[in-house]
Amino acid sequence: MSVLSEKTPILQVKDLRTYFYTEDGVVKAVDGVSFEVYEGETLGIVGESGCGKSVTSLSILRLLDEKGRIESGEIIYKGKNLLELSESEMRKIRGNEIAMIFQEPMTALNPVYTIGDQIMEAIILHQGLSKDEARKLAIDMLRKVGIPEPEKRVDEYPHELSGGMRQRAMIAMALSCNPSILIADEPTTALDVTIQAQILELMQQLQKEYGMSIIMITHDLGVIAEMSDRVLVMYAGKVVEHASVRELFKNPKHPYTWGLMNSIPRLDIEYERLYAIPGTVPDALHFPEGCRFHTRCEFATDKCRSEEPPLVEVSPGHLSACWHIDRLESAVAVQRKGESA
Amino acid sequence: MSQTIQKNTPMLSVRNLVKHFPIRAGIFKRIVAWVKAVDGVDFDIYEGETLGLVGESGCGKTTIGMTLLGLYPPTDGSVYFNGEDITPYLLPGWKVRSYLKRTYIEKFKQLNHDEMEELPDELKHYAEVYFNDHKGDAGRFIRSFMENRKEKQKALRRKMQIVFQDPYSSLNPRMRIGNIIGEAVDVHRLASSKEERQKMVADILQKVGLYPEYAMRYPHEFSGGQRQRIGIARALILNPKLVVADEAVSALDVSIRSQILNLMEDLQKEFQLTYLFISHDLSVIKHISDRVAVMYLGKIVEIAPKKKLFERPLHPYTVSLMSAIPIPDPEHKKKRVILKGDVPSPINPPSGCRFHPRCPIAREICSREEPPLQEVEEGQKVACFFAGEMS
Amino acid sequence: MDKEYKRMLKKFFKNPSGVFGLVLLIFFTIVAIFAPIIAPPQPSNQYEPYMMPIVTWSPDPQPPSKEHPFGVSERRDIFYGVVWGTRTAFRIGLIVTGVSTLIGLFIGSISAYYGGWIDEILMRITDIFLSIPFLIAAIVLTTLLGTGLDKVMIAMIVFGWMGTARLIRGNILQAKEEQYVLAAKAIGVSTPGIIIRHLLPNTIFPVLIQASMRMGSLVITAAILSFLGLGAPQGYSDWGAILNYARNWMLGAHGEALKYWYTIVFPGTAMVLFVLAWNLIGDTLRDIFDPRLRI
């Protein structure tokens, strides 16, 4: 699937700004983020802690706590602006049309109800099935997500399941109403790698079966490479790069993306020494002026310190927000030469 | 990071290390079961190298680190530092006598003099001490371990230090950085004056890439990466020989993680450190280690020089673990082994080979007999009856 | 941390009930300090200024007047008793809270840090103390030791440390697993060093908050004991003792139920406000330190 395809997107986020009003000041967690999600594709959102990737997904479902406020922007889902819906209309969207799974299923599942009760609650609420029918569907869903002995497990409590099984149960719950979009917020971060492999495979297989779109939020470039069709790279509340997954990994066009890719140790490549992006992630209360990455960027000039670079198309379907892509490209060329030599 | 393995005596030897935690229940807090976190582990660490210890949650890798530093007393087994048995200093005082009896005295009593040569190196040394220095007097032998116990424990603390995983919980929020790092100086009386202490703290702060002025600040004023640097400074101010890094970079963001990994490599060169690097992340382990030990459910299943392990893993678990890691390259297509099921509970590990219920190549013998950790190729030890079949 | 303290102070002063509590407390402190000026003792009893002077020989209470603004009860000046009683209240509160908190801290932290059978024994002892009804225990203890304010205070200390011990034990059990404690052990810090430098500073705030709440309730307990005649001797300036005098007059006179209101209202109000002050301050501190504790 190419970026900016001719199809109409199923979800469109336009210039979203979500701010948090804390005692210490305003945290501009998401500050002008735009993207779209097409039917059946997986959009990866990658970035480090505090870059705004999770807040973006919570904003889509309007699940922010009382300190967070969506300042401006539009979230168009099937022609409706979700930000203009009433709370009761929104409830019909949540779980039914757009479902979400979280990093730690233990906190997302209610410990005093059985797995079955929690899946059935969503089914009865959204699909108006009877209790018996809902239970049957719940068992079917548990079987589909690969939970052994679903007739027995349906009556178990969350704490009786292992971490991997709980995440499967969460997925079963999220998919029980056949949503068009599944938002997965770091769904495998708390899991062991062998279990992560199971869950990722399951998600790919279910996506094929149900044809839903997935928004995959993660800090792990490996998971991104494996799962996504298109990728959004976020830094300090902004999208810094946006491209198809192959293009992004082949020709990164933002110094942050490039730095990130070079700083991870890899199984398939041997580095004598890792590249390290200098400095620390800026404090969300005091993001730098101009390009927010300039404090850590080795290509930064005075222009970067004063003017914010816009997110523009630099090659077909490839967006980047950087003033000095030429400088980055020559550095990459030197690096590639060194590698091949 | 030397690729060659020294053949001399190891800096640290671990022999049949066992750590079981009791599970208590009921009003009388009776022990109802044991968590077999570490269940008979042997390995050596040589001076100047980095041994990577990798495995999934609950495999016992962290417990090993904690036990080596005396934070948990071992249930069984011995630990040698430069050939000296340090187990008595890891155990509480009242357990030392029975440990020494079990490990040495009972064996030595049944020993003919000519059998001494056949003992493993660690035991041979103590057999000589027992028969020659103490003339076979068990009481004198035991007393020699109990004398100056506190001092010896303290000396050991200076040789072995630890860097923790969580940069947030590993620093006392109510202490200034200067005191967090300087506490070790006070405890071991390394500075003769306030000025000297201050200078030591300032020096080590600079070595880990922070400003000396930070000594006056509190932990909450720092980011995760900076806190981890402070944790490293706290460990290094004692000038240790061996540093246990327990998931030291796991909680950090990608861009910060590489900074800390580079720093640890630089410090290793500068201070001639030996690392035991514990992590669940095989890519990090591959980057930093010289040799790698893979753990599963309280056991080492494979231990080998890095190159050998990553070029040709021999244990089916190692193979599956490697294939499970997503490669950050969309063009990279690989055959993937997806393991069935979950990691079993360490309270009731499976019979025979602990990996057999999830193993793609398990056969009947695997559920009956436990495969020993054997050298299959030079320097590469594997605990599998069918080593190499999957690679 | 200095910044942190400033922020906490700012939060405290933003909370109206906390400020009100603080104002009340400052008022009581001033009264206690300047008691000799507000209600100067007569030359006859300047050596024992805590004894309320006898101002009349009539056994009936006398309503407030110019000389005796709070009235007279049991032949003694209520105003004098209420003013000097402030000192008694502070003394009981501070000493009993201080000593019992220290005992609780000691037992609780030893119990939590060492765990195992030490914990088991200390906690069972705590349970035994908790299971004895306090009033009965206090009555038994004062019959053994004799009556008097100091004996009452001993009784309150002996049966007052268990809450602190349990609270600090729970907090330390949690904090003990923190990595900074393990790091301190790895460095070789001694056990007292770990408890004093690492565990207590991170666990003591809830205890201090609890202590400030207890300050108030202790004064009520002391008053109950005085009311039962176990506490202060006849004529001693103590709010509980003054209320005890009112026992005979509480029901008023025939046809005039509220005739002797002043025998209760003045010492009673003092006590209520004193307890309120500590509770408001404790509540506010709790909200600042740990908003999750709010129920």
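This section describes the chain contacts, strand pairing and helix packing of a predicted model.

Local features are reported at pLDDT of at least 70 and side-chain atom pairs only at pLDDT 80 or more, while totals for chains, interfaces and linings use all residues. Residues are numbered from 1 along each chain as its sequence is written, and chains are lettered from A and ligands numbered from 1 in the order in which they are written.

Contacts between chains were examined at the residue level. Two residues are in contact if their C-beta atoms, placed from the backbone, lie within 7 Å. Two pairs of chains touch, and the pair A and B has the most contacts. Here 36 residues of chain B are in contact with 39 residues of chain A. On the chain B side, helices H9 (224–236), H10 (254–271), H11 (282–288) and H13 (316–324) each supply at least two residues. H10(B) gives the most, with seven residues. Helices (H or I, at least four residues) and strands (E, at least two) are DSSP runs, numbered from the N terminus. By class, the side of chain B that touches chain A has 16 nonpolar, 13 polar and seven charged residues. In this classification Ala, Val, Leu, Ile, Met, Phe, Trp, Tyr, Cys and Pro count as nonpolar, Asp, Glu, Lys and Arg as charged, and the others, Gly among them, as polar.

Chain C also touches chain B: 15 residues of chain C are in contact with 20 residues of chain B. Helices H9 (179–187) and H10 (191–227) of chain C each supply at least two residues of this side. H9(C) gives the most, with eight residues. The chain C side has nine nonpolar, four polar and two charged residues. Chains A and C share no contact; their closest C-alpha atoms lie 10 Å apart.

Chain A contains an open sheet of four strands in the order S2-S1-S4-S5, with antiparallel pairing. Two strands pair if DSSP finds at least two bridges between them. S2 (25–37) and S5 (80–81) of chain A are the edge strands, each pairing on one side only. S1(A), residues 11–22, pairs with S2(A) in the antiparallel sense over nine bridges. Within this pairing, Gln12(A) has Glu36(A) in S2(A) as its bridge partner.

A hairpin occurs in chain B. Strands S11 (residues 374–377) and S12 (residues 380–382) of chain B pair in the antiparallel sense over three bridges. Gln374(B) is bridged to Val382(B) in S12(B). Two residues lie between the strands of this hairpin, where Gly379(B) takes a positive phi near 80°.

In chain C, helix H4 (residues 78–114) has 37 residues. From first to last C-alpha, H4(C) reaches 52 Å, close to the 54 Å expected at 1.5 Å a residue. The expected span is 1.5 Å times one less than the number of residues. H4(C) bends by about 30° at Gly85(C); the bend is the angle between axes fitted to the seven residues ending there and the seven starting there. Just after H4(C), Gly115(C) has a positive phi of about 65°.

H4(C) packs against helix H7 (residues 149–158) of chain C, with axes that come within 9 Å and cross at roughly 35°. Axes are lines fitted to C-alpha atoms, for helices over the stretch in contact, and angles run from 0 to 180 degrees between N-to-C directions. Ile92(C), Ile95(C), Val96(C), Val99(C) and Ser100(C) of H4(C) meet Met153(C), Met156(C) and Ile157(C) of H7(C). This contact has seven nonpolar, one polar and no charged residues.
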